[in-house]
Structures are given as structure tokens and as C-alpha cells.
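Please open the structure in your viewer and keep the selection tool at hand. We will go from stop to stop, selecting a few residues each time and looking at what surrounds them.

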Amino acid sequence: MIDERRFEGLIEEDEARGSFRVHRSTMTSADILAGERARIFDTCWIYVGHASELPKGGDFVRRDVAGRPLFMARGQDGAIRTFYNTCTHRGATICRQAAGNAKVLQCFYHAWTFDLQGALVGCPDEASYGGSFDRGEHGLKQVARCEDYRGFVFAAFRADIEPLERYLAGAKEYLDLVIDASEAGVEIIRGSNHYTIRANWKLLAENSLDGYHALPTHETYFKYVADLEKDSGKAIETSPTGAATSYLTVGVARDLGNGHAVTEKLAPWGRPLARWSPLFGEETRVDMEQARAAIVARFGEARAQRMCDNSRNLLIFPNLVVNDVMGVTVRTFWPVAPDEMRVTAWELAPIGESARLRSKRLDSFLTFLGPGGFATPDDMEALESCQQGFRCDGVEWNNISRGMLREPRPVDELQMRTFWRQWNRLIASPLAAPV
Ligand code: FES
Ligand SMILES: [Fe+2]
């Protein structure tokens, strides 16, 4: 039996035999979830949002980040800060709208007022506190650290964490491939998806990088696209059938350090960035050729080909996924219980993209990865089914060994092992005093 209080023995790895097992209590135990909050969500850089969501001074967005109510705001000085969403008087939430622009935020309870840099600038009947009251001591509290990597804003709850860029390690290269899509950068398109999955949050970390499940779980979508292509009479160079076969053999999977991992492969179909497919319609062809030519001019043929033609699924440990596929979906998720997670997803796009391509991108965002699309309901069904399976209790271990004894491919499980090894390092580590 596992002693859950010590969080040890949850993973068994035997490299020589090519065997990697994860104990299923990791998905069901409330003690382990409490351990994850303290040892993982409170010690890693956690994604908050994107700088493009706050174009002007005074802009703000409210966020739950790993279960904590926070908000991110751009001050009149241009800097982005992340605050705990609680009044320093007696606790009420300060930022009550999902997003907006304001000179000040006023607490609705007793009307203390704060500017968007967090300073307390108004306190009704302040004199009643006596002369010792110091506004400077009652500004909104910021999270310990808030940094961005080329617009991707992360927060950390401990001051002694390593710099964000070092934490991101090899994941930076893959963010760059997305961010460099346009000379002007990328932006989050307004609006987001929110949904709940009745499954442990780590199942989505696994699933987001799991090439092995794509064909069996998403068979309906593969058939749908194959039919559309057949109807259009102009299948692109990689036909769905060809893609289905090559899916099992092509592409790479990489451990990017610090628990981050990626899969990359030739996209089976079109990508609104600049890989045209008949399904996008003849009218988008010129837009895409122009977009592609601009990328080739900036980066050369080889890198442009990688940016335009390859799909990537990137996991930034612990809970940020960038699916750079038919569009670019950024999603984050966190546990509310051992068997339940909340998911938020946004669509990222090159700034200055033509309206025609933007509409194809949004269509892809909804059609495949949206909560009512072809993929996400299938994935949710699979994840919730695993969670139900764990309730049997009769089988203790999950097997995540696939491809251990060969050069890893996207259909192997190196990606998940990368996640789990880091998870295990952190969960088994002694809890350091907060800094
Ligand atoms: S709780 Fe905010 S002003 Fe009192
Ligand atoms: Fe899936």
C-alpha cells in the first residue's frame, strides 16, 4: 500500500525493461491533490493570460489561476501586474467583471478605491482610523512574481522561483514558432471557452499530447474530413487515409526540460496560418500564399515550412497547453477536486491576419477543439471514462511505457513520462517554507 502522506512510490520506472507505471491513487486521492496545490501549483510558474488581452493602461481581466481568484491589469505606467482579487480591508473581491477598463476599482462593500497599479487611493472617512493609518500598507497585494515571455504572462506564488525564461527551458523554441507567425506578433481573439470535465486534471495534461488516441477516439472527425475532401474533389497532398497511416510513424516527441514536452508532425490537413487546403475555400488561397511568402522572407524556407506545415502540441508544465494545429488554441486547466477540473481555452492569431483567414481560424477553433466540436467531447468522454474506471480499485497501476525502447514518436508516451517525472520530483520533495 502506498503511504499517501509521504507521496512516495507513486511512479515505478524501469528503464532497462522499458516499463513506466503510475499509481492510480494519483488521480483519486484528496491528500495528493492537497500535495499538488502546495508542491506544484504554488511552486511553478502558472499561466495567467496574454498581454494582448490588455492593450491599454487601465485594462484588466479577472482570472482564476489554479483555483485562486486573481486579476491581471495594465497600469497607466504600461506594466502588467497580477493581483490577488481581494480587498485589503475585509476581503471582498475587488475585480467583479470578467474584463474591462477603469481608472480605479472600487470595492463594493465599503468603497475603498484602488488604482490599476494597486495603490489605495480612496478610503471613506479615513480620519476615523486615527493618525496611524497608512494607505501605503493597504495597497492591493500582488502575487510574488509576475513575468511574461513575449506576451505570455505567468504568475508565481513564491519569490524564490527561477526566472520565467529559465523555467520555460526548451518550450521557448516552440512558443517562438507560434509567436513569430506575424511580424507584429500574436493576439488572443476576444472570447473564451469555459468547461468542466469530471476527471483528474492530469488526465488532460496527458491527453493533450497523446498521439496514440487520435485515430481511435476521434474516428468521427477523421471520417468527416475525409468525406469533405472527397466531396471537394481536391484532396491535398496528404490524404486523410495517408495521414492516418503516416500518423502512426511520423513526427517527433521531445522532452523540453522541467516537465515541458511537445509533439510535432506534418499537419494532416490545412492550417489557417499558411497551409492551404481545399476545405478552406479557393477565396483564402491568395491570403495564405501572401502570409506564407512573408514568413519565408523573414525566416527562410526551412523554418517557414516548419512554422506553416507542422502541427505542434505543447505542454508547459504543469497546466498550460498550446495546441498549434488547425488554429492555435491556448488552454489552461486546474483541479477543483480529485475528479474534477475546470478548463479555459482561447484562440491565438497573428496580428493583422486577413478577415477571411481569421474566420477560418475561428471555425477550426470551434469545429475541432471547441467544447461542442469534434474532438473535445470525445476527449471528455475518454477522460471521464478513465476516472470512472479508477473507481473500480481493483487495478492499481496505469501503464505509460509506450515507445520507451525506441526513438520517441508522437504516438508514444514519452510526453506523458516527461510530465510525470517532473510531477514526481515535485510531489516527493520536502515542502520548503514559503518565501
Ligand atoms: S471589504 Fe473592501 S472596502 Fe471593506
Ligand atoms: Fe483528443
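Begin by selecting His50, which has its place in strand β3 (residues 46-50); helices (H or I, at least four residues) and strands (E, at least two) are DSSP runs, numbered from the N terminus. Before going further, note that this is a predicted model, in which local features need pLDDT of at least 70 and side-chain atom pairs count only at pLDDT 80 or more, whereas totals for chains, interfaces and linings use all residues. Residues are numbered from 1 along each chain as its sequence is written, chains are lettered from A and ligands numbered from 1 in the order in which they are written, and side-chain values use heavy atoms, with hydrogens and water left out.

Is His50 buried or exposed? His50 is buried, at a relative accessible area of 3%, where buried means under 20% relative accessible area, exposed over 50%, and partly exposed in between (1.4 Å probe, protein chains only). Show its contacts (heavy atoms within 4.5 Å), and, leaving aside neighbours within four places in sequence, you will find among them Met72, Phe152, Val186 and Leu348.

**Paired strands**

Next select strand β1 (residues 11-14) together with strand β2 (residues 19-23), which pair in the antiparallel sense over four bridges; two strands pair if DSSP finds at least two bridges between them. Asp14 has Ser19 in β2 as its bridge partner, and in this hairpin, with four residues between the strands, Gly18 takes a positive phi near 70 degrees.

Then move to strand β14 (residues 193-197), whose covered face holds Asn193, Tyr195 and Ile197, while His194 and Thr196 are on the uncovered face. Strand β14 runs antiparallel to strand β20 (residues 340-350), to which five bridges join it, and Ile197 stands opposite Met341 of β20.

His218 is buried at 3% relative accessibility, and Asp379 is buried at 7%.

**The nonpolar cores**

Now select Trp420 and Trp423, the residues with the most contacts inside the largest nonpolar core, which has 84 residues; such a core is a set of buried Ala, Val, Leu, Ile, Met, Phe, Trp, Tyr and Cys residues joined through side-chain atoms within 4.5 Å. Beyond its neighbours within four places in sequence, Trp423 is in contact with residues including Leu10, Ile32, Trp201 and Phe317.

**The cysteines**

Finish by selecting the cysteines, where a search of the whole structure finds zero disulfides (pairs of cysteine sulfur atoms within 2.5 Å). Cys392 is exposed, at 62% relative accessibility, whereas Cys107 is buried, with a relative accessible area of 4%.
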